[in-house]
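Please read the following note beside the sequence and the model. It treats the chain as a whole before turning to the ligand.

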Amino acid sequence: MLNLLRRITQEVAAAESLSEALDIIVRRVRRTMRTEVCSVYLVDPNSKEYLLMATRGLTLDVAGSASLKPNEGLVSLVGRRAEPVNLEDAQKHPDFHLLQGTGEERYKSFLGVPIIHHREVLGVLVVQHEERRCFDEGEEAFLITLSAQLASIIFHAEATDAMAVFNKSKEVAHTDLRYKGIPGSTGVAIGTGVVVYPPADLNAIPDRATDNPQHEIDSFRQALEGARADIRKASSRLSLHLSSDEKELFDVYLKILDDNTIAVEVENKIKAGNWAQGALRQVFLAHIAQFNMMDDSYLRERASDIRDLGCRILSHLQEDSPNTASRFSEPAIVIGEELTASMLGEIPLDKIKGLVSVMGSGNSHVAILARAMGIPTVMGAMDLPYAQLDKKSMIIDGYSGKVFTNPSQKMIDSYQQVVDEQKILEEEFLTLKDLPCETKDGHRMSLFVNTGLSADIGLSLDRGAEGIGLYRTEVPFMVRERFPTEKEQEQIYRQQLEGFAPAPVTMRTLDIGGDKALPYFSIEEENPFLGWRGIRVTLDHTEIFLGQIRAMIKASSGLHNLKIMLPMISNVAEVEEAQSLIRRSFMEVKEEGYDVVMPEVGVMIEVPAAVYQVKVLASIVDFMSVGSNDLTQYLLAVDRNNSRVADLYSSFHPAVLHALRNIVAEVKHEGIGLSVCGEMAGDPMGAILLMAMGYDTLSMSSTNLPKVKAVIRNINAAQANDMLDQVMSVVHADAVIQTMTRLMREADIERLVKPSNTNQSVH
Ligand code: PEP
Ligand code: MG
């Protein structure tokens, strides 16, 4: 059974179009379940009617033309109830509606199961029999399982098909195709897409039209020859160490490459208009899928050999292709299956208009970087047919997390208004630079910035930051090919400390692991956010920790504005151990003759264990900063990087709000500094609530700082306290946000948060 399910799913996934995918489904299901009819009905998003899209058993020529109204027939009943309907004699059911001309009148038994993707019914999968009998439990379970597995494939095929139809026909009807993602960084970008991808990753290669097929064919042939040479070399290098069986593997590889079939297939795809890398992806993925479907486990294993060969040829092809940076002659919207910080590092900043990542969510580190740089970003756009979006016109709406492809002029005009309003608002914010951050009734707040890039320093000072509340030291580690030396680190840290002196600069020790990987220090774990992360890594590698601490302390020589912060603290021992290493480094640096003072040492409160031990932690450190991003993730047990559960991730969840308020209550009178440096602090709604809770220092991206200052300068502390009182009794995260939106509108500060036009442009 499992094998059957897997085979059908893989075959459907490898289909090149929606109609092919649906045809495979009805054919395979009818054969496997030995039914007389199998049909797929899909919901038309506009009319909400159920269209018969594919069938085996019913009269064929009606496929695509027969439909059922939203309340008509058993198919729509399955859709409305979003659960299976299993009937011995369908025609006796009051909802039965005969689809004229399909020959359906012959069939008595009926089993329909919904096809559901992200809580939405996409359609219904139906099997029918002439014989009057109920389908048994096993049959029903099989169809439910299959439908659940196929839903996302069907959804993607629908989205990709719509795009492909547009690409071919340029039909007006296919303008404004809309894809839903997650807001990553506010703002709107209107422009052309450029798809970026990690090297030698077959799956990530986009389709791209070529106007010089001969050149592409020549590059492909060269790459193929390069891959052959690699294998011959590897085979002779290892020949002494391998048994004859193992050596045969290389011969198999060479045979696959020498066999003309694959090469001819790739060249045909190139002649049909795709560039060499896209053609290679199409052909190899289809072969990999075929091998995956084989019954014989030995043959199935060969899929990974084919993938390996495909990647080899690809890496040769990529040797010749222009590097990422040179593809950006004009500013563009950068699209990737999984954008990473290091990918961004390869593109000149002034060439990035916006970002779209298929994977990841609003709290992924790449989204945090995007916010720091003020780049409109949509994350987790899982249904976007991104491989087809190279050089395509598009709009991204970072407020609502939507992407529109092939936008109509009307849509462009509407969003252009948003861009214009945004600009006016930003200019208004700049006038606040030298004004204090205080409420209308004089309650003073301190606004600090979160930094990571050197470019952040100038921007932050221009926007009136009072210091650095969080310097993410992992950023300079990420954009290198090895650990930076102590000297290199000292120079980088010095820029931050000097740029802000005499204002304080809080440097966080290396916080890698989770979704922050260093290209040269890979951490492969089943459960990375609960694994080797932050302080756990650096205490296990004291050479890295001590080098970093010494570099920080030396960099602060003569400036005396350094504070050191420890990430991911989950117990007291970690703090004690780190403090002792910091003291040791300080003594060493001092003995070397540097003009330094012992820096303040603080911890991040971002793990529930630290919340429950916050008082004892407060008694041994100099300051604390709440990392609301991770605290939300760990309190709610929601991976901050997983787009599937992004709807559940909210720092406005009542559990998070109560934890945040408890922290202030416990620590307020301990005489140490307390701030919040998670993204919530840079969200005007979050900033108001945190201020009312009693936090008086907030640290945020420099992009958000003027907005937060504007909001705080436009309310009274009493108003903020009243807002907090109202939301603390609310029990749903969504309701907290709705309540705050209403209260902010009533207080006339909503206008400062987002351009008024965003609501009307977003349909
Ligand atoms: C946090 O977790 O809130 C935080 C500020 O740290 P980071 O986002 O870098 O994990
Ligand atoms: Mg964190």
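The points below describe the fold and then the ligand site.

1. This is a predicted model, in which local features need pLDDT of at least 70, side-chain atom pairs count only at pLDDT 80 or more, and totals for chains, interfaces and linings use all residues. Residues are numbered from 1 along each chain as its sequence is written, chains are lettered from A and ligands numbered from 1 in the order in which they are written, and side-chain values use heavy atoms, with hydrogens and water left out.

2. The protein chain contains 27 helices and 22 strands (DSSP runs, numbered from the N terminus: H or I of at least four residues for helices, E of at least two for strands).

3. Of its 763 residues, 55% count as buried, that is, under 20% relative accessible area with a 1.4 Å probe, protein chains only.

4. Around ligand 1 there are 17 residues, and Arg472, Arg508, Gly627, Asn629 and Arg640 come nearest; a residue is near if one of its heavy atoms lies within 4 Å.

5. H21 gives the most, with three residues.

Notes. Buried means under 20% relative accessible area, exposed over 50%, partly exposed in between (1.4 Å probe, protein chains only).
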